[in-house]
Amino acid sequence: MLMKFRILFLLLFLIFFFQACTRHVKINNEYYKNAKLYFETEFGVDVISMESSYIVLPLQGCKSCLIDCLSYLSDSHDKQKYTVVLVGTESYFFEDEITTLLTTIKKEYKCLTDRKQKIYRYRTGFSHPLKMSFSKDNPEYLEFRYKNGKPSWYEVL
């Protein structure tokens, strides 16, 4: 009898474990909807019908975040996959490394520019670089953050 309960418990555990592992990341619906509205209104882009993913980059962001995200883009092998949105204006005070990386990114990626930072008119959760995909199968809404001193993409809460 005890063996049956152990087997039943093990089966239930495995079912719940696999469901948790295969679940998609929960996306903040308000941010997601407002980001779609931002792209449609400001750029005339219907993100649902596009195959592209987007990386939204604040040019007035912190230096380390900007360099790390630009380096990530520069090293990426999926250059056709991403459209880069540059928010803000380039600074005359950018160091050579940032200027060089930005020049490379502009040559290798399709870029959209939001010089007037209109993204802040929409509630998108934008304060750090964002990586977004609006596909129905695998939507993505991630923020470039540091954890234990290492940069990576994390879910926007």
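Residues are classed as buried under 20% relative accessible area, as exposed over 50%, and as partly exposed in between (1.4 Å probe, protein chains only). By this scale Lys106 is partly exposed, with a relative accessible area of 40%. The model is predicted, so local features need pLDDT of at least 70 and side-chain atom pairs count only at pLDDT 80 or more, while totals for chains, interfaces and linings use all residues. Residues are numbered from 1 along each chain as its sequence is written, and side-chain values use heavy atoms, with hydrogens and water left out.

The chain contains four helices and six strands, taken as DSSP runs numbered from the N terminus (helices H or I, at least four residues; strands E, at least two). Along the sequence these elements follow the pattern α-α-β-α-β-α-β-β-β-β. Buried residues make up 36% of the 157 residues.

The six strands form an open sheet of mixed pairing, in the order β3-β2-β1-β4-β5-β6; two strands pair if DSSP finds at least two bridges between them. Because β3 (110-114) and β6 (150-155) each have a single partner strand, they stand at the edges, and one side of each is left without a neighbour in the sheet. Strands β1 (residues 53-58) and β2 (residues 82-87) pair in the parallel sense over six bridges, and Ile55 has Val84 in β2 as its bridge partner. Helix α2 (residues 29-43) packs on the sheet and touches β1, β2, β3, β4 (130-133) and β5 (140-147). Here contact means heavy atoms within 4.5 Å. The direction of α2 makes about 90° with that of β3, where axes are lines fitted to C-alpha atoms, for helices over the stretch in contact, and angles run from 0 to 180 degrees between N-to-C directions.

The structure holds five salt bridges, each defined as a side-chain nitrogen of Lys or Arg within 4 Å of a carboxyl oxygen of Asp or Glu. One of them joins Glu30 to Arg123, with the closest N and O atoms 2.8 Å apart. Since Glu30 lies in helix α2 and Arg123 in the loop between β3 and β4, the pair ties together parts that are 93 residues apart in sequence. Another links the side chains of Lys106 and Glu90 (2.0 Å, N to O); Lys106 belongs to helix α4 (residues 96-108) and Glu90 to the loop between β2 and α4. Glu143 likewise forms a salt bridge with Arg145; Glu143 is buried at a relative accessible area of 8%, whereas Arg145 is partly exposed at 35%.
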